[in-house]
Amino acid sequence: MISAVAVTILLLLTGAAHAQDPRLEAAKKEAKVVWYTSLVLPSAEKVAKLFEAAYPGIKVEVHRTGSQRILQRVMQELGANLKIADVVHTSDAGHFVLLKEKKLLAQYTPAGVEKFPPGFKDKDGYYFGLRATVSCITYNSKLVQASEAPKTWKDLLDPKWKGKLVTAHPGYSGVIATHVLALVNVYGWDYFKQLAQNKVMITQSAADPPGVVASGERLIAVNGGDYYTYQLKKKGNPVEMVYPKEGVPLVVSPTAITSFAPHPNAARLFTDFTFTREIQQVMADSEGLYTGHPAVTYPTDKPKLNELKLLTVEADDLEKRNEEIKRRFVEFFGA
């Protein structure tokens with residue numbers, strides 16, 4: 001359900017723009033925008049419904065799956081001469097380096113992003129960070145005492161956690177691919193070789209480990225986007241987040257319009273909409289995400305990014321080492 005307050009905000013936001021934006025009629029003729037996204041489905045659907053409420057007559061067709069599958073789908077569709085996706089959004093910044101090199105992205109700069117931090121902007125104007133999360137440790141607060149919960153990444157290597165841990169897969173999730181590379185840069189591959197000795201349960205999406213922990217199936221998630229754990233906690237689930245002081249991987253998730261977009265006007269309208277302060281604020285307030293928008297404020301029950309030590313990776317490095325990340329993970333974890 002879209003709250004009355006959210007709808008009111010959006011009507012105020014878009015009311016004047018409706019009369020002035022020459023793209024609106026062209027977008028209405030296109031009637032929809034096709035959005036490939038790795039944002040968890042409830043959050044993606046919320047953004048879609050808010051757009052549809054602000055722009056009646058233009059539907060958002062949401063296709064949600066993991067980051068790696070989005071890239072595979074786009075490339076497979078193009079190989080079959082199918083041009084379907086208008087807007088692509090994943091949590092693997094390396095994908096956008098690849099897509100840009102292949103000339104599959106349109107050069108388009110959404111209004112307002114000039115004030116975003118450098119890490120949220122492609123210097124050539126092809127893709128921009130729509131949102132960000134950090135990868136943290138999650139534990140079940142009913143089954144693990146706070147005093148006993150792991151405080152550092154290396155605490156997860158303790159044999160007492162054998163058979164009690166869960167991880168998502170970098171071959172599916174861009175959040176996890178970024179997480180893996182960030183920790184490899186700090187500890188080397190030996191860290192993951194040791195972690196695998198604890199018989200870690202393997203899932204797909206970065207949203208999966210917090211859910212597994214909330215259910216009690218495993219006690220601790222060794223990674224995962226903190227925004228989904230935050231959402232679960234808000235709903236009353238027994239989960240708590242740990243942000244290791246040696247640093248947490250920062251995952252900036254870009255978005256871009258495809259160069260072959262079948263609904264280009266709706267795509268530009270939708271992209272501008274998602275970068276407005278109001279929608280960026282919705283992501284921070286109800287979804288627990290971080291953004292690059294300087295005017296966005298954050299809930300008091302989440303740490304601010306400047307309060308955390310952030311482990312960052314370069315998009316180019318993520319793209320170059322993509323196959324290595326997946327290969328070594330399978331080598332150690334067997335899946």
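Helix H8 (residues 208-215) packs against helix H9 (residues 226-234) at an angle of about 30 degrees, and their axes are 8 Å apart. The model is a predicted one, in which local features need pLDDT of at least 70, side-chain atom pairs count only at pLDDT 80 or more, and totals for chains, interfaces and linings use all residues. Residues are numbered from 1 along each chain as its sequence is written, and side-chain values use heavy atoms, with hydrogens and water left out.

**Helix packing**

Helices (H or I, at least four residues) and strands (E, at least two) are DSSP runs numbered from the N terminus. Axes are lines fitted to C-alpha atoms, for helices over the stretch in contact, and angles run from 0 to 180 degrees between N-to-C directions.

H8 and H9 cross in a right-handed manner (the near helix is turned clockwise from the far one by less than a right angle). Pro210, Gly211 and Ala214 of H8 form the contact with Tyr228, Thr229 and Leu232 of H9, where contact means heavy atoms within 4.5 Å. This contact of H8 with H9 comprises 4 nonpolar, 2 polar and no charged residues; Ala, Val, Leu, Ile, Met, Phe, Trp, Tyr, Cys and Pro count as nonpolar, Asp, Glu, Lys and Arg as charged, and the others, Gly among them, as polar.

Helix H4 (residues 67-79) and helix H5 (residues 93-101) pack at about 15 degrees with axes 10 Å apart. H4 is therefore roughly parallel to H5 (angles under 35 degrees count as roughly parallel, over 145 as roughly antiparallel, 65 to 115 as roughly perpendicular and the rest as oblique). The crossing of H4 and H5 is right-handed. Ser67, Gln68, Leu71 and Met75 of H4 make the contact with His95, Leu98 and Leu99 of H5. By class, that contact has 4 nonpolar, 3 polar and no charged residues.

The axes of helix H3 (residues 41-54) and helix H10 (residues 264-274) come within 11 Å and cross at roughly 115 degrees, so H3 and H10 are roughly perpendicular to each other. H3 passes H10 in a right-handed crossing. Val47, Leu50, Phe51 and Ala54 in H3 meet Leu269, Phe270, Phe273 and Thr274 in H10. The contact of H3 with H10 divides into 7 nonpolar, 1 polar and no charged residues.

**Pocket and cavities**

On a 1 Å grid over the protein atoms alone, a cavity is a set of points where a 1.4 Å probe fits but cannot get out, and a pocket is an open set with protein on both sides within 12 Å along at least five of seven lines; lining residues have an atom within 4 Å of a point. Grid points are joined across faces, edges and corners, and a volume is the space filled by probe spheres set on the points.

| Space | Volume | Lining by class |
|---|---|---|
| Largest pocket | about 560 Å³ | 14 nonpolar, 4 polar, 6 charged |
| Largest cavity | about 100 Å³ | 6 nonpolar, 8 polar, 2 charged |
| Second largest cavity | about 50 Å³ | 10 nonpolar, 2 polar, no charged |

Of the 24 residues lining the largest pocket, Ala93, Gly119, Val313, Glu314 and Ala315 are the closest to its centre. At least two lining residues of the largest pocket come from each of H5, strand E4 (128-134), strand E10 (248-257) and helix H12 (315-320). E10 supplies the largest share of this lining, 4 residues.

The count of cavities of 30 Å³ or more is 2. Among the 16 residues lining the largest cavity, Ser38, Arg64, Val175, Ser205 and Ala206 are the closest to its centre. The lining of the second largest cavity includes Val87, Tyr108, Phe128 and Phe275, and its largest share, 3 residues, comes from E10.
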